[in-house]
Amino acid sequence: MSRLLQTSFLQSTTSLHSRTGASSVPGFRVNKPRIVHVRAKIREIFMPALSSTMTEGKIVSWIRSEGDKLSKGESVVVVESDKADMDVETFYDGYLAAIMVEEGGVAPVGSAIALLAETEEEIADAKAKASGGGNSQSPPPPPPPASSPAAAEAPVAVEKKVSVSVPSPIASAVHPASEGGKRIVASPYAKKLAKELNVELAGLIGSGPMGRIVAKDVEAAVAGGGAAVKTEVATVAAAAPAPATGVELGSVVPFTTMQGAVSRNMVESLVVPTFRVGYTINTDALDALYKKIKSKGVTMTALLAKATALALAKHPVVNSSCRDGNSFVYNKSINIAVAVAIDGGLITPVLQNADKVDIYSLSRKWKELVDKARAKQLQPQEYNTGTFTLSNLGMFGVDRFDAILPPGTGAIMAVGASQPTVVATKDGRMGMKSQMQVNVTADHRVIYGADLAQFLQTLASIIEDPKDLTF
């Protein structure tokens, strides 16, 4: 769901007209009402707050360009909040007169990112205002690697001219960004970056809305290499091999918006007194159930979330949360947040009411949430409503680890890999069983050791006899 741009009037044009006259009737004087005309021609477009924790936003791409006519409800810009990318709409008709924060720029919530003019004649006034009082709080986008001081001072002189060759179009298909070859539709920052890096925009395929070329398309053309990019090296003198990972060693990389939000949350969690309890659970029965119903679209994550939710239903204190240090809340719903690694950070999509949803619907919902998370399209209610968190590194072969408690929740469970283990059977013999280690980190202001121990016993009984998971 897109959000509406907040705007306010700039007092650019204000005209006051007062007229006072007397009645023609002798002995009487009547003051005529003063007529006040106020016209606010230029509006500021503010950085919107797209989530309750968002303090600043990053401009991913401008969907419309300076001078474009806008209609109320039309998407104008894509903003990266602390968790997702969201299209932002305008609440007014007018013209996008001046962009004050370019693509890649960061602005605090509530600060001006552009100016909206009511008429085409007022665009020039808006541009003058923008150039005279731009958003000084928004740092400019980082300079491209080719123009960094380190590259300028290096003894190796390398000049690169990048031209992009694309496969011949099938039939008469034309990419939207080219508009039939007449005009290249690209963001202002992408054009600037392409000029600095000597990249020809004509051959690029845009990934922005309606095929618009954005800055990341230019950067991908330079870094991608392969068959799509041909690099002509004019002068090369002893070039050092680049790291296989594509990381520039020794470089300082600022946090992305998401990484900044994760950092703040982790620091906030340090003030909560936590403790940890581990437990070993046999997974033979769960593994057998998974193999049986996997073909129906059921995921192991959904099974673990369902089992956890059923256990929490019997131990509501583990599903509680303390936010003010003086009281705690028994949460009405059991919403299982599951940590997902995405490009540039992590996010916790939430399976709401996981104890009441059947396993097949839960699995479908989980797949939908993962797709949206990786496309950075989750809505706030889909990632900030969790009451209990799961973090699973078992797919990487990790057998045990501790997780950091997310602020505002009571507990988080770290799940390790299920591995064959030699164990003693009830009759005193040796046998082989699949086991996994789980470690729960909990808020000790609310949850005590006995609470977690009883919760883990219940969870183990559900996983070791999982008949209730499919009902």
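This is a predicted model: local features need pLDDT of at least 70, side-chain atom pairs count only at pLDDT 80 or more; totals for chains, interfaces and linings use all residues.

Author: The chain holds nine helices and 23 strands. Among its contacts between residues at least 6 apart in sequence, 66% join residues at least 24 apart. The accessible surface of the chain comes to about 25,900 Å², and 55% of that belongs to carbon and sulfur atoms.

Six of the six residues of β12 are buried, so the strand is largely enclosed by the rest of the structure. β12 pairs with β5 in the antiparallel sense, over five bridges. In this pairing Ile42 stands opposite Ala117 of β12. Strand β10, residues 94-99, also runs antiparallel to β12, and four bridges join the two. Here Ala98 stands opposite Leu115 of β12. As background, side chains in a regular strand alternate between the two faces of the sheet.

Glu118 forms a salt bridge with Arg43, with 3.8 Å between the closest N and O atoms. The pair links distant parts of the chain, 75 residues apart: Arg43 sits in strand β5 (residues 42-46), and Glu118 in the loop between β12 (112-117) and α1 (123-132). The two partners fall into separate accessibility classes. Arg43 has a relative accessible area of 10%, under the 20% limit, and is therefore buried.

In general, side chains of opposite charge can pair when their charged atoms come close. Another of the salt bridges joins the side chains of Glu74 and Arg64, at 1.9 Å from N to O. Glu74 is in the loop between β7 (69-70) and β8 (75-80), and Arg64 is in the loop between β6 (56-62) and β7, 10 residues apart. Glu74 counts as partly exposed, at 24% relative accessibility. A further salt bridge, with its closest N and O atoms 2.9 Å apart, is formed by Lys372 and Glu382. Lys372 lies in helix α8 (residues 359-374) and Glu382 in the loop between α8 and β20 (388-392), so this pair ties together parts 10 residues apart in sequence. Glu382 counts as buried, at 12% relative accessibility. Salt bridges with shared partners join Arg64, Asp68 and Glu74 into one network.

The largest nonpolar core has 56 residues, of which Val318, Ile336, Phe388, Leu390, Met413 and Leu459 touch the most other members. Helix α7 (residues 300-314) gives the most to this core, with nine residues. Apart from this core lies another, of 19 residues, including Trp62, Leu70, Val76 and Val101. Beyond its neighbours within four places in sequence, Met413 is in contact with residues including Thr308, Phe388, Leu390, Val440 and Leu459.

On the surface, Val422, Met430 and Met432 form a nonpolar patch with about 350 Å² of accessible area together. Val422 belongs to strand β22 (residues 419-424). Its relative accessibility is 52%, so Val422 counts as exposed.

Technical notes. Residues are numbered from 1 along each chain as its sequence is written. Side-chain values use heavy atoms; hydrogens and water are left out. A nonpolar core is a set of buried Ala, Val, Leu, Ile, Met, Phe, Trp, Tyr and Cys residues joined through side-chain atoms within 4.5 Å. Buried means under 20% relative accessible area, exposed over 50%, partly exposed in between (1.4 Å probe, protein chains only). Contact means heavy atoms within 4.5 Å. Patches are made of residues with over 30% relative accessible area and no salt bridge: like charges are joined within 9 Å, nonpolar side chains (Val, Leu, Ile, Met, Phe, Trp, Tyr) within 5 Å. Accessible areas come from the Shrake-Rupley method with a 1.4 Å probe; for residues, only the protein chains shown count as cover. A salt bridge is a side-chain nitrogen of Lys or Arg within 4 Å of a carboxyl oxygen of Asp or Glu. Two strands pair if DSSP finds at least two bridges between them.
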